[in-house]
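Please look over the sequence and the coordinates before reading on.

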Amino acid sequence: MAGQGNVVKSVLEECVVRTDQLVLDAAAVETRFKDGPELHRALMGIRSQLNERYKDFLNHEQDVTLVHAWQAFREKLFQCSFLVESLRDARYLGKVRFGRRLLELRRELQTLFNAVLMALTMCMADGAADGLAKAAGDVHRLAIATGNPDFEELDEAAAEGITLQGYRYLYGYGTTASPETAFRRFLAAAKFGLPAAANMLAQLYERGLGVPQDLAAALGWYKRAAAHDYPEALYNVGRLYEEGIGVVADYDVAASYYRRGAEANQLDAQAALGWLHESGALRESDHADDDDDDDYGGGGGGGGADPEEAAYWYKLAAGQGHPKACNNYASLLY
């Protein structure tokens, strides 16, 4: 197995180096063909995730599934590199088939990298499951699986492991999907104080997955996650206030949450904040700093549209590939 671990490390390091070079090559030709900017953004995203998850990949270098996923990704990376290098030659710039093939390769490359991330997620979930199984003799640890843990016995690593198990049961990764089991996992980690788990727990309450629908509970858990400045939760609280889901609609309160999420680079929040400014729904056309715990009504309105502020947030999200922001920004410009 040690030899196989060396294979993963070798392939991983090779992919990092080649992705670095491909990012540079794509930047050099991105203005030369239609999908160049999109290719460059996709490669930047892959490179960023390689950096963020590098240690996690090395910690699971013995997994056969991960080895195969890396090898498939590397092969596609080679193909993409060759084609991008070819496009630097002016003779190929007018060849439509090269542009189409590059678009196909970009999609295939992203799909294969997603498969690598999925394999890693399953490895981590399995590792968390093994760790909990070893604690089977501890009554307090066993209570974790029911959603009623002894919080003095739970640490952050265990909470993160339980959250990964929640994703696994929710989506059926390597096991039979069970929203009810996922709910218990997220509940345990959310009660510990993990924002990601609280946000997922709120989504289950909002949609009625694994638990009867409870919009008040959904809002409460979203707010608990938002109190930790968790970007997705900030967007979700804003969305509930904007749409009046489980609470009286209030655009100004929605904007205050959207702005916090937008400043944390949450793309949906940026697009939503842009829309509130474009539509003139806010009582104040600039910054909304209302007390986020007051569930007052009225829906805002009357502040007047602010296209410049809207354009700022649309452009920020559009530059990172957010479809709705791209459309809305284009509408403002033209």
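What follows is a set of questions and answers about a predicted model.

Q: What makes up the secondary structure of the chain?
A: The chain has 14 helices and 0 strands, and from the N terminus on its elements run α-α-α-α-α-α-α-α-α-α-α-α-α-α. Of its 334 residues, 44% count as buried. Among the contacts with a separation of 6 or more, 61% are accounted for by residues 24 or more positions apart.

Q: Why are H8 and H9 called roughly antiparallel?
A: The axes of H8 and helix H9 (residues 215-226) cross at roughly 165° and come within 8 Å. Angles over 145 degrees count as roughly antiparallel, and H8 and H9 are therefore described in that way. The crossing in which H8 passes H9 is left-handed.

Q: Which residues make the contact of H8 with H9, and what are their classes?
A: From H8 the contact draws on Pro195, Ala198, Asn199, Leu201, Ala202, Gln203, Tyr205 and Glu206, and from H9 on Leu215, Ala217, Ala218, Trp221, Tyr222 and Ala225. By class, this contact has 11 nonpolar, 2 polar and 1 charged residues.

Q: Why does Glu206 count as buried?
A: Glu206, which lies in helix H8 (residues 195-207), has a relative accessibility of 13%. Buried means under 20%, so Glu206 belongs in that class. Leaving aside neighbours within four places in sequence, Glu206 is in contact with Gln213, Leu215, Ala218, Tyr222, Arg239, Leu240 and Ile245.

Q: How do you know whether Gln203 is buried or exposed?
A: Gln203, also found in helix H8, has 15% relative accessibility and therefore counts as buried, the cut-off for that term being under 20%. Not counting residues up to four places away in sequence, Gln203 touches Tyr222 and Asn236.

Q: What makes Glu242 a buried residue, and which residues does Glu242 touch?
A: Glu242 lies in helix H10, and because its relative accessibility is 17%, Glu242 counts as buried. Once residues up to four places away in sequence are set aside, Glu242 touches Ala249, Tyr251, Ala254, Tyr258, Ala272, Trp275 and Leu276. The C-alpha atoms of Glu242 and Ala281 are separated by 9.8 Å, and these two residues are 39 residues apart along the chain.

Q: Why is Tyr230 called partly exposed?
A: Tyr230, placed in the loop between H9 and H10, has a relative accessibility of 22%. Since buried means under 20% and exposed over 50%, with partly exposed in between, a value of 22% puts Tyr230 in the partly exposed class. Not counting residues up to four places away in sequence, Tyr230 touches Pro195, Ala196, Asn199 and Ala225. The C-alpha atoms of Tyr230 and Ala198 are separated by 9.7 Å, although these residues are 32 residues apart along the chain.

Q: What is noted about the phi of Asp229, and why does Asp229 count as partly exposed?
A: Most residues other than glycine have a negative phi. Asp229, by contrast, has a phi near 60°, a positive value in a residue other than glycine. Asp229 lies in the loop between H9 and H10, and its relative accessible area of 48% makes Asp229 partly exposed, given that exposed means over 50%.

Q: What makes a set of residues a nonpolar core, and how many residues has the largest nonpolar core?
A: The term requires buried residues of the listed nonpolar types joined through side-chain atoms within 4.5 Å. The largest nonpolar core has 46 residues, and those with the most contacts inside it are Phe186, Leu201, Tyr205, Trp221, Tyr241 and Tyr258. At least two residues of this core are supplied by each of helix H6 (156-171), helix H7 (179-192), H8, H9, helix H10 (231-243), helix H11 (251-263) and helix H12 (267-279). Apart from it lies another core, of 25 residues, among them Val23, Leu43, Val116 and Leu120.

Definitions and conventions. Residues are numbered from 1 along each chain as its sequence is written. This is a predicted model: local features need pLDDT of at least 70, side-chain atom pairs count only at pLDDT 80 or more; totals for chains, interfaces and linings use all residues. Side-chain values use heavy atoms; hydrogens and water are left out. Helices (H or I, at least four residues) and strands (E, at least two) are DSSP runs, numbered from the N terminus. Buried means under 20% relative accessible area, exposed over 50%, partly exposed in between (1.4 Å probe, protein chains only). Contact means heavy atoms within 4.5 Å. Axes are lines fitted to C-alpha atoms, for helices over the stretch in contact, and angles run from 0 to 180 degrees between N-to-C directions. Angles under 35 degrees count as roughly parallel, over 145 as roughly antiparallel, 65 to 115 as roughly perpendicular and the rest as oblique. A crossing is left-handed if the near helix is turned anticlockwise from the far one by less than a right angle, and right-handed if clockwise. Ala, Val, Leu, Ile, Met, Phe, Trp, Tyr, Cys and Pro count as nonpolar, Asp, Glu, Lys and Arg as charged, and the others, Gly among them, as polar.
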